[in-house]
Amino acid sequence: MSYIKAENLCFSYDLGEGKKKKALENVSFEIEKGQYVAIVGRNGSGKSTLAKILNLVLEPDSGKLTLAGTEINDSITDAQLLDIRRRVGVVFQNPDNQIIATVVEEDIAFGPENLGLPPEEIKKRVKTAIEAVGLNGFERSEPSRLSGGQKQRVAIAGVFAMMPECIIFDESTAMLDPIGRRDIMAIMKSLSQKGITVINITHLMAEAAMADRILVLNKGHFECSGTPAEIFSDTDLIKRAGLAIPQSAELVNELRRRGYDVGFGITPEECAGKIEEYYRSLL
């Protein structure tokens, strides 16, 4: 059973004076529980709008959206919405917009406290969340004194402490330097390995390459889905969607065009390994 299912989602922004701008048109896809999925697309593709719909910030004009087994529609009750928000957490682009307390562990405890959990359970969850994102030693630190990457870890820990089944990362690394981005990507992978459904909405193809599956949006339409190898091997698709291929993937594609089928690698390490294996097989 799909954990998230979108069927013919449509959404338009009201520009006033009877004018509208289409952002999504007949977008359909399914995400299984426990999958690590990247949603990609160039500027204007509709991925930010889709993120807001999945975050329940926007309501689609038409179509059907099911989250955690519950269809989102006008008849949904407040209790059902609360249940979904407990199950589906969101980490936004700017961590400063999510951090509200003046001490790290107090900020992480905020969500569980609002769930009405007993103090001992809250303490246990805060400890687990801090360990999950690598913030040991920063429990009593002031978030305002942390780096951008550390702040984003606090935001992720705050969501993780509520023990959701799914976490949506909405351009969560866009404001980080390469080191901070690498660290957050490692956390996403770790969360996925714990059985949490991870959705990374990003415009960075190197990030998308880390996912198990990629969904491609193009000008408000759902273009296709597939594994990173399937997506980045299809150069026509990449060009049509206005996306960039990771350099390592571009290298193995170019080698294939020249008659050297070395297999497929995305990271530099994978790519180097594939090339080495290929040439060793020729010896």
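Predicted model: local features only at pLDDT ≥ 70, side-chain atom pairs only at ≥ 80, totals over all residues.
Local features required pLDDT of at least 70 and side-chain atom pairs pLDDT 80 or more, whereas totals for chains, interfaces and linings use all residues. Residues are numbered from 1 along each chain as its sequence is written, and side-chain values use heavy atoms, with hydrogens and water left out.

Six strands form an open sheet. Their order is E6-E7-E8-E3-E9-E10, and the pairing is mixed. Strand E6 (88-91) and strand E10 (221-226) are the edges, each pairing on one side only. On average, neighbouring strands are turned by 20° against each other, direction ignored. Helices (H or I, at least four residues) and strands (E, at least two) are DSSP runs, numbered from the N terminus. Two strands pair if DSSP finds at least two bridges between them. Axes are lines fitted to C-alpha atoms, for helices over the stretch in contact, and angles run from 0 to 180 degrees between N-to-C directions.

With strand E3 (residues 36-40), E8 pairs over four bridges in the parallel sense. Val 37 has Ile 199 as its bridge partner in E8, and Ala 38 stands opposite Asn 200. E7 and E8 also pair in the parallel sense, over five bridges. Here Cys 166 is the bridge partner of Thr 197. Five of the five residues of E8 are buried (under 20% relative accessible area; exposed is over 50%, partly exposed in between; 1.4 Å probe, protein chains only). In a regular strand, side chains alternate between the two faces of the sheet. Both faces of E8 are covered. Thr 197, Ile 199 and Ile 201 are buried on one side, and Val 198 and Asn 200 on the other.

Two helices are described against E6 and E7. Helix H2 (residues 78-87) lies across E6 and strand E7 (166-170), at about 60° to E6. Helix H5 (residues 148-160) packs on the sheet and touches E6 and E7. The direction of H5 makes about 170° with that of E6. Contact means heavy atoms within 4.5 Å.

Helix H1 (residues 47-54) is largely enclosed by the rest of the structure, because six of its eight residues are buried. These are Lys 47, Thr 49, Leu 50, Ala 51, Ile 53 and Leu 54. Just after H1, Leu 56 takes a positive phi of about 65°.

Leu 217 belongs to strand E9 (residues 213-218). Leu 217 is buried, at a relative accessible area of 2%. Beyond its neighbours within four places in sequence, its contacts include Lys 47 and Leu 50, both buried residues of H1. Val 27, Ile 39, Val 40, Phe 222 and Glu 223 are also among the contacts of Leu 217. The C-alpha atoms of Leu 217 and Ala 272 are separated by 30 Å, with the two residues 55 apart along the chain.

Glu 142 lies in the loop between helix H4 (119-133) and H5. Its relative accessibility is 38%, so Glu 142 counts as partly exposed. Glu 142 and Thr 102 are 40 residues apart along the chain, yet their C-alpha atoms are separated by 5.4 Å.

A pocket is an open set of points with protein on both sides within 12 Å along at least five of seven lines, and a cavity is a set where a 1.4 Å probe fits but cannot get out. Lining residues have an atom within 4 Å of a point. Grid points are joined across faces, edges and corners, and a volume is the space filled by probe spheres set on the points.

The largest pocket has a volume of about 650 Å³. Its lining comprises 26 residues, with Arg 85, Val 90, Gln 98, Val 159 and Met 162 nearest its centre. H2, E6, helix H3 (104-114) and H5 each supply at least two lining residues. By class, 17 are nonpolar, six polar and three charged. Ala, Val, Leu, Ile, Met, Phe, Trp, Tyr, Cys and Pro count as nonpolar, Asp, Glu, Lys and Arg as charged, and the others, Gly among them, as polar.

The second largest pocket has a volume of about 420 Å³. Of its 16 lining residues, Ala 206, Glu 207, Met 210, Thr 267 and Pro 268 are the closest to its centre. Helix H6 (178-193) gives the most to this lining, with four residues. The lining has nine nonpolar, three polar and four charged residues.

Conventions: 1 Å grid on protein atoms, 1.4 Å probe; cavity = no way out; pocket = protein on both sides within 12 Å on 5 of 7 lines; lining within 4 Å.
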